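Let's take a friendly walk through a protein and look at how its charged side chains pair up. Have the sequence and the 3D view ready as you read.

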Amino acid sequence: DVTSDTDVWAIRDRLAADGGIDVLVNNAGVMHFFDVTDGFPLAKQLQEVDIDVNGPIRLVDAFLPGLLERPSMIINVSSGLAWVPYVPAPIYSGAKAFVHAWTIALRAQLVGTSVRVIELLPPVTDTPLADGLHPSFERMDPAELADALIRGIEKGRDEIAPGQSVQLKWLSRLAPRFIFGQLNKAVNNNG
């Protein structure tokens, strides 16, 4: 449970007793689809922040001392939505934008240490998390995403944005209103 200090410390201590870890992957996430005008429960919104934002912070805090002792890697999984928010998932979109900015800062702070910081920004991936998305969104196979991550690591990339995520990145800079409208077109057309 990435929201529990006790659980995180317990797994850290257990793994440290076995020699520690070389790679920390922050991938836990939840995405709630809601409209703020419909009275979505505050507790569920804050739970999403605790998992999607505080979880990675908590894990890096717990594991960083051990990671600094050897060549190692932190892989933070954000999303192409870090660049262009998806209206029906406002907390998730904001959380992934946070993870993106935090990863850049974390990477800069760890320059010159033994820890490499990588960000994976997946497109819509064919996992249960994507079940609530509009069916028009293409879904990347998880194995294809894993392959893209490994290829990116091998090429020395610190930011890996496979598939449509790289399009979101560049279009968010070149034509931000256009790509925001395109991403949220299904929402606007279907209420």
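**Charged pairs in the chain**

D22 is partly exposed, with a relative accessibility of 43%; buried means under 20% relative accessible area, exposed over 50%, and partly exposed lies in between (1.4 Å probe, protein chains only). This is a predicted model, in which local features need pLDDT of at least 70 and side-chain atom pairs count only at pLDDT 80 or more, while totals for chains, interfaces and linings use all residues. Residues are numbered from 1 along each chain as its sequence is written, and side-chain values use heavy atoms, with hydrogens and water left out.

Which residue does D22 pair with? Its partner is R70, and the N to O distance in this salt bridge is 3.3 Å. The term salt bridge stands for a side-chain nitrogen of Lys or Arg within 4 Å of a carboxyl oxygen of Asp or Glu. Side chains of opposite charge can pair when their charged atoms come close. By this rule, the count is six salt bridges.

Another pair to find is D158 and R116, whose closest N and O atoms are 3.4 Å apart in a salt bridge. D158 is partly exposed at 30% relative accessible area, and R116 is partly exposed at 24%. Salt bridges with shared partners also join D5, D50 and R58 into one network.

Finally, look at D13 and R12. Their salt bridge has its closest N and O atoms 2.9 Å apart. D13 has a relative accessibility of 44%, so D13 counts as partly exposed; R12, at 26%, counts as partly exposed too.
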